[in-house]
Amino acid sequence: MQRRQSSKTPKQPLQGHHENQTDLSAWRKGGRIDPGKSVQNIQSPNDQKNDSKQDSLEQALSYFAKVQDRVSLKNNSVLQKHLTTVESIALQRGLPPEGFDVLLNVALSGKLADTVNTRLLKSLVPASVIPETSVISSVSWLCVSKCSGNIQLLFLRWLITVFDFIDRKEQLHALYGFFFSFLQDEKMCPYVCHLLYLLTRKESVKPFRIRRLLDLQAKMGMQSHLQALLSLYKLFCPELVTITLPGKMKTYFKSSEGPWKAAINTVRRRNQENSLVSQPLFLGTAQPQSRKRKWNTQLIIPASSTNKNNLEENREKNHVDLYSTSESFPVEQLQTFPQLLQNIHCLEFPSQMGSVLTNPLLLHYMNCIKDESVYLRLYYWMGQTLQEECTWCVADNNQYEEEFKDFLETVYKTECFLQEGFSSCEEFLYKSLPLWDGFCCRSQILKLVSWIPLSSSSEMKSHLYDPLAQLFFTSSLYFKCSVLETLKELLQNWLNWHMIHLDSEFESEVYSLNTTLSGLVNVVAELIHFVGWISTVALRLENNATFLLYFILDFYETVCDMYLRYNLPLLIMPPAGVFYPALLSMDSVSLNQLCYIMYRYRTNLVAAKENELSKKKTLQFKFSSQIYQEYNQYIIAMVGCLWTSRAFQKDIHPQGLRMDDELLKKTAVQEFRTSFNIVYHPAMMGYAVLFLQQAWPDDTTFDLSLIKGKRWNWYLEYLYAQGLKGLKVFIESSINRVSQASHSKAGNVQV
Amino acid sequence: MESVEGAARTLPSIGRLSRGPPFGRAQGRFGLSPSGRLLPPAPRSQENVDPQQTAFLLRKQWTLYSVTPLYRFSGARLRDYGRLLGAFIAAEKQKGLAVEVGVELDIKVAVSSLPDLRGSDQDQAAVLVQLSSRSSASRKNSEEKLLWSGWFCCVSGDDLSERVPEDFTCLPLFLANGAESYTSIVGSWFQKTFDCCFRRLAISPLNLSWMAAMWTGCKVDKTASALELVFSVPSLPQPLDILYAIHPEDAKDLWDTVQKTPGEITQEEVDVFMDCLYSHFHRHFKIRLSATKLVKVSTAIASAHCDGFIKFLQSQYLTGVLMLLTELAISQIQ
């Protein structure tokens, strides 16, 4: 089976040794072999100290290369000296690649006493890499059994620990059969299993090996190391063997790290090398089973495991070419993004698509694969799971609310990751919203609502808006706010979707045939009208709560910018039931927000008008004159309220502020004709008083009418400095200040 | 509950499962039951069913499941599936011990096809899974005891099968008889291997009344057994069931007066039929059955329980009943 032992002399006699010298000094500098540079080293005192160490290691290695049989440690000070040298250097800095051949040869040849061999093996700490050749030759030593059982075990443990430091592994793979034969040895078996686990590739799995392992299993009973190896075999060849691992298994192999792990870490830290970290073993099947009452409920998101449903092809392949390398990359092994990139051509989706939810790498993959069946598999799985687990649709499910919440959260995160909603989720929401109490899993459900894909308006109304409105009107202020927040996100998701697909409209079929722009515009318009309606009602129900108004205006911050920011030919003004409460709000935050929104409406409308005028070709979409009219009505009211004090006279909106002078007189407000503007507005009066206080601290009359002329401008600057940026942009854009002196004459701009 | 399981008849067009927005999708998916059904074309479809071949399906209680389309299932590889499933069962039963695929095991698995059980050529042939034990003593005699059986089928499931891509196989109805532990193992294997989902298929009272009406109208040769309806009275400290048995000929006569178009049944006719039975009952016992829940229907054709159990009694109406159950299963998976 292997060459006879006597032929095993150190591979490189004296000349080789000489080579080592140069290499060693190179290793000393930076841990890497760079023979070219090693000659010209300028040595510092520290280096000189290192050099002496260097020399002693070289001496030690050459000693071990030539050492004769059976030197006793006790009586041999030379051996003691060299052994100590190797040990101390190894633990401090690790051994250079060239050292392993020599030391492994001597340790496994049985020339020296076991205590020496043990100490040598324990000091085999790599500084950088371990040459594959040295491992190969030590395996041949193993095969001729020159060394004791303990040394063999120690060697295997060492090999497992430093596996990732071996520079190449092709030849090592060729020795798979030799390692496999060591399984017979009862003591070695666990370690050999571990080693085989590291070495196994698809082509290593053979029926005769499986049979051997099963025989071992029959002889030794259930052993975790055998289970691990067999389940790896099952992973590669499910058509040959199968195993079900008990749920609570955690470790499959005894720790082999022994004395090396700590030393390796120390050396690595010292060398500041980002060498490979041995990765923890990974068995996809070892997921802990959650307590579950029915076998077919899968709230447990399945673990990613290779799709084993290609047995036929694989079997055929085996017949043709026994040594073919595996062509698909098992998803269980996919753990890093670089792996994904390297294997993206030969990656297959897991056998159960549901498992992608918890696997961001597979989600990346899913994002770049245009495969209908991928989505369909996910659609069925998710749809069934959502319905089966829904805590308010299925009786007796309420005790599992936490689990369900987690699941919904995972689904939501996936939607965010993919930036698209799942249709199974949408259908689930449509089916379950009418039965929802608005309380159970609230934040999760609302989050999912924000990812509902655009669909035809009739469906949205009966399946989403109607049930949502019912809950909205009958629930707390906070629920109302969260619904508004959700609908804002829904709108933004739709608009983003539109933006993305506007770019790719021609290159892909994504913009499906009946997804016309007008269809999209209608659906978006319907959502905005819906929000306008519920906002109007909610403001009345909640007495114009500022908190609520904030969320409503937040929604309109998106609406007012749709034309410019999202390239959608649609603008809708807020209803009077939203506009007037905001305009007359007692709170400067709302007023400021409204000012900003009206400024953005103006910018969008002006841009639209310019586009219309400049483009010769007839545009498919034109804003109706109605929107300009609405805007102008509002702007008249706003300018009246904030600037000219003429809101009561000028407002022409049917639901506006227009009041007869007779009525105004009855209010007993003096000078009502000049008493409603940026100074007297209830949201602003506080600023006006503070402004007076700061400008004229001695004046205690607080005569607000003093704010005019130059002071009016100072007051404006003061307001802007207080952070009322919305007010600033509004006034600067919408108010045409004819003359600085006669500010009361300032007019509005009509677009 | 009604609206939750309210029949959704059409699959979303596949196109919209990809990234596009769902414009122009089929309407009314979350709405109502169909207002009318065609009667199972009993005489025609029975021609190709050999009663001998399906006799073993009769007079057993089957638990109903809906199954989403199987991904990469091939009807040509049933034997392979049997071997793999056999090894999987053995591995599950002795968790932790690996099992070689294809060796003789205590439990024999046979996966076979029941080509007769389908409504149209588009339907996939039904697939039967049988687990039987080999008693170790009499292995030579090949004496096998049937432990568990289950079958997948699709009778006139064009609604679904026409809409899924080639990689998928539509066998939306699964029926199991035997210990649930085996159902669980077999179901898990199918779920893992073909990425499908099993769900218990309950039958709503509305659909039970459909069954009562449809089956009453069917002709049976021998002296038929009574139409039996079981109602459960809700909100009582003790469960109270009411059994309402009607002589089959009386029921048939009543139905014949209700049904207008032969070969077709409408929701309205079913309602009228049930209302007549209810008012008759009320006249005698002063109990309004419409306020209770219909939980079980038994006729000479079959008997069905709302928890999702069915017993077939007449082989000539087997496919007819399966057609209705297939429809219910499809409505549950989409």
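Glu388(A) counts as buried, with 12% relative accessibility (buried means under 20% relative accessible area, exposed over 50%, and partly exposed in between, with a 1.4 Å probe and protein chains only). The model is predicted: local features need pLDDT of at least 70, side-chain atom pairs count only at pLDDT 80 or more, and totals for chains, interfaces and linings use all residues. Residues are numbered from 1 along each chain as its sequence is written, chains are lettered from A in the order in which they are written, and side-chain values use heavy atoms, with hydrogens and water left out.

Glu388(A) meets Arg199(B) in a salt bridge of 2.6 Å, N to O (a salt bridge is a side-chain nitrogen of Lys or Arg within 4 Å of a carboxyl oxygen of Asp or Glu). This pair crosses between chains, running from strand β10 (residues 198-200) of chain B to helix α18 (residues 372-389) of chain A (helices, H or I of at least four residues, and strands, E of at least two, are DSSP runs numbered from the N terminus). Arg199(B) is buried, at a relative accessible area of 10%.

Over all chains, the structure holds 22 salt bridges. Another of them is formed by Glu348(A) and Arg72(B), with the closest N and O atoms 3.6 Å apart. Glu348(A) lies in the loop between α16 (337-343) and α17 (360-368) of chain A, and Arg72(B) in the loop between β3 (70-71) and α4 (78-93) of chain B, so this pair joins two chains. Glu348(A) is partly exposed at 21%, and Arg72(B) is partly exposed at 30% relative accessibility.

Within chain A, Glu409(A) forms a salt bridge with Lys447(A), the closest N and O atoms being 2.7 Å apart. Glu409(A) is in helix α19 (residues 401-418) and Lys447(A) in helix α21 (residues 442-449), 38 residues apart. Glu170(A), Arg201(A) and Glu203(A) are joined into one network by salt bridges that share partners.

The largest nonpolar core has 150 residues, of which Met598(A) and Tyr715(A) touch the most other members (a nonpolar core is a set of buried Ala, Val, Leu, Ile, Met, Phe, Trp, Tyr and Cys residues joined through side-chain atoms within 4.5 Å). A second, separate core of 85 residues includes Leu95(A) and Phe155(A).

Ser475(A) is placed in the loop between α22 (457-474) and α23 (477-503) of chain A. Ser475(A) counts as buried at 18% relative accessibility, and its side chain reaches the backbone oxygen of Leu471(A) at 2.7 Å.

Technical notes. A polar contact is a pair of N or O atoms within 3.5 Å; within protein, one must be able to donate a hydrogen and the other to accept it, and residues adjacent in sequence count only if both atoms are side-chain atoms.
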